[in-house]
Amino acid sequence: MQSHTYSASASFVSSPSGDPYKYQVGFGNRFASEAIPGTLPQGQNHPQKNKYGLYMEGMTGSPFIAPRPQNLHAFLYRIRPSLDHKKFVRLPDNPDMESNFLPINPKVHISPTQLNWSPPPLPSSSDKVDFIAGLKTIGGNGEPTAREGLALHLYVANADMKSKAFCNSDGDMLVVPQQGRLDVQTEFGRMMVRPGELMVIQKGMKFKVSLPDGPSGGYVQEIFGSHFELPDLGPIGGHGMANPRDFEVPLASFEIDETRWEGKIGGQLFSAAQDHTPFDVVAWQGNYVPYKYAMEKFIFVGSLSRDHLDPSVFTVLTAKSKATGIPLVEVLTVSERWDVATDTFRPPYYHRNNATEIAALIYGEFGDRFTPGGLTLQTVFCPHGPPPEVHKAATVAELKPERATKDAMLIVLETPMVLSMTDYAMNPAGTVTESEPLSFSPDFIAHLDEINADLKAAGKDELKKKSG
């Protein structure tokens with residue numbers, strides 16, 4: 001059957017150049033959209049009879065008894081219910097994907113050092129690899145059936161999903177393209193996601209991905225058991241960082257077609273054929289929705305006098321863990337901004353954090369270790385910071401206002417969890433390398449005469465330089 005697509009015409013924001021779609025705006029709003037006027041019931045969610053014989057279907061993203069601010073749900077009015085499908089069939093495992101990151105799994109490994117991955121090669125033109133088939137797991141923590149943990153993936157693809165859709169029952173997927181736009185069709189409508197934007201498809205939502213610019217690659221952060229939220233702003237106040245109005249949500253769009261869809265639950269892949277498209281939602285309303293965000297819109301917060309603020313001020317989204325006050329993961333963006341701090345060492349200072357830090361360069365240049373499409377990782381309490389030559393230059397540089405991270409953008413993921421690396425990630429024949437150890441010459445010894453003069457003036461014993 002030929003596909004026909006029908007979309008809502010009203011919207012609150014026009015799409016930028018290169019994006020054919022329009023969107024509603026806001027984060028955590030209770031949205032409503034209809035592709036055919038008058039199809040969304042008024043004053044109730046499930047009337048006895050819906051207009052045009054549409055089926056009402058509910059979707060929840062939280063327990064029914066969750067507090068109101070955390071209660072997530074949507075009502076969809078569709079041509080056929082999702083229940084109309086054939087039996088589920090177990091699919092073969094993707095050898096490059098992993099979901100169990102417990103230490104008892106012999107296919108995952110702990111690494112205490114800094115790791116770097118160059119961009120994975122794109123599929124050859126003779127192989128047709130879509131977004132789902134092109135997922136490659138780098139590492140993670142926990143496993144999805146316990147509803148606690150996360151997984152970090154890369155993706156490389158050169159083919160559209162066509163008559164295939166995907167439903168992830170394990171967790172939310174945050175997707176960041178690095179090369180090529182993604183044309184994403186969801187049950188709630190369509191989004192065009194370009195490098196510089198991030199997209200979140202929350203668990204249980206069906207979607208498919210097309211590649212309007214040809215071969216594409218990027219990053220996927222999957223979380224089990226919680227959802228992404230905006231961070232609290234505390235003394236920053238009511239505005240700044242990622243503003244709610246800059247998040248974009250699709251408008252209702254439906255088609256009449258035949259397709260099949262695949263799903264993932266418990267880290268395993270299944271397929272269920274059906275005689276109709278899953279993208280047949282004519283109208284919907286609720287606050288459990290897919291969304292995207294342009295990271296160029298982030299409002300940076302920093303020091304206007306001296307010293308650094310903690311990197312938490314770069315946080316776009318956060319996801320809670322089961323431990324009070326401890327996040328499961330935080331999503332940060334780093335891009336062009338002003339640096340004006342006086343009498344301050346401006347690069348990142350040397351640090352050992354209670355967090356695993358993953359950084360990925362979307363575009364531009366940012367030090368020797370960062371390559372667009374690649375990835376760097378420092379595990380919990382792994383010491384890291386600038387190399388000796390960068391440190392030296394920063395200690396003698398003239399301090400004046402300057403544009404930091406000029407013409408570049410990174411996305412950074414920070415989690416207090418220790419990540420287990422997969423066989424794919426640690427394959428020595430692959431794209432991974434360990435950072436070479438650095439050697440520093442202590443300037444302290446060169447100041448020995450001055451130090452001893454100060455010690456003597458304070459009535460303390462002088463230091464003696466040991467030989468050998």
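## The contact between the two domains

Buried area is the accessible area, taken with a 1.4 Å probe, that two parts lose on being put together, summed over both. In this predicted model, domain 1 and domain 2 bury about 3600 Å² between them, and 68% of that area is on carbon and sulfur atoms. Three residues of domain 1, His 109, Tyr 219 and Met 295, supply 17% of the area that this domain buries against domain 2, more than any other three residues. The domain assignment of the protein chain places residues 23–109 together with 120–295 in domain 1, and residues 300–434 in domain 2. The contact takes 47 residues from domain 1 and 38 residues from domain 2, while the C-alpha centres of the two domains lie 27 Å apart.

## Polar and charged pairs across the interface

Across the interface of domain 1 and domain 2 there are 15 residue pairs in polar contact, counted where both residues have a pLDDT of 80 or more. The elements that give two or more residues to the side of domain 1 that touches domain 2 include β7 (108–109), β10 (148–157), β12 (171–179), β17 (216–224) and β24 (291–294). Strand β9 (135–143) is also one of these elements, and β9 gives the most to this side of domain 1, with 6 residues.

The count of salt bridges between domain 1 and domain 2 is 1. In the structure, the side chains of Lys 320 and Glu 229 meet in a salt bridge, with a distance of 3.8 Å from N to O.

Side chains of opposite charge can pair when their charged atoms come close. A search of the whole structure finds 21 salt bridges, among them one between Glu 57 and Arg 78, whose closest N and O atoms are 2.8 Å apart. This pair links distant parts of the chain, with Glu 57 in strand β4 (residues 55–60) and Arg 78 in strand β5 (residues 73–78), 21 residues apart. Both Glu 57 and Arg 78 are buried.

Another salt bridge joins Asp 96 to Lys 136, with the closest N and O atoms 2.9 Å apart. Here Asp 96 sits in the loop between β6 (89–90) and β7, and Lys 136 belongs to strand β9, so that the pair links parts of the chain 40 residues apart. Asp 96 is partly exposed, with a relative accessible area of 23%, whereas Lys 136 is buried, with a relative accessible area of 16%.

## A network of shared partners

The side chains of Glu 248 and Lys 292 also meet in a salt bridge, at 3.9 Å from N to O. Glu 248 lies in strand β19 (residues 247–250) and Lys 292 in strand β24, and the pair links distant parts of the chain, 44 residues apart. Glu 248 has a relative accessible area of 4% and is buried, and Lys 292, at 0% relative accessibility, likewise counts as buried. Salt bridges that share partners join Glu 248 and Lys 292 with Asp 19, Arg 194, Glu 197 and Glu 296 into one network.

## Residues with positive phi

Most residues other than glycine have a negative phi. Lys 162, which is not a glycine, has a positive phi near 50°, and its place is in the loop between β10 and β11 (164–168). Lys 162 counts as exposed because its relative accessibility is 62%, which is over the 50% cut-off.

Thr 405 also has a positive phi, of about 50°, although it is not a glycine. Thr 405 is found in strand β29 (residues 402–415), and it is buried because its relative accessible area is 11%, under the 20% cut-off.

## Cysteines

The count of disulfides in the model comes to 0, where a disulfide would need a pair of cysteine sulfur atoms within 2.5 Å. Cys 167 is buried, with a relative accessible area of 7%, and Cys 382 is buried as well, with a relative accessible area of 6%.

Note on methods
Residues are numbered from 1 along each chain as its sequence is written. This is a predicted model: local features need pLDDT of at least 70, side-chain atom pairs count only at pLDDT 80 or more; totals for chains, interfaces and linings use all residues. Side-chain values use heavy atoms; hydrogens and water are left out. Buried means under 20% relative accessible area, exposed over 50%, partly exposed in between (1.4 Å probe, protein chains only). Domain bounds come from an automatic or database domain assignment. Contact means heavy atoms within 4.5 Å. A salt bridge is a side-chain nitrogen of Lys or Arg within 4 Å of a carboxyl oxygen of Asp or Glu. A polar contact is a pair of N or O atoms within 3.5 Å; within protein, one must be able to donate a hydrogen and the other to accept it, and residues adjacent in sequence count only if both atoms are side-chain atoms. Helices (H or I, at least four residues) and strands (E, at least two) are DSSP runs, numbered from the N terminus.
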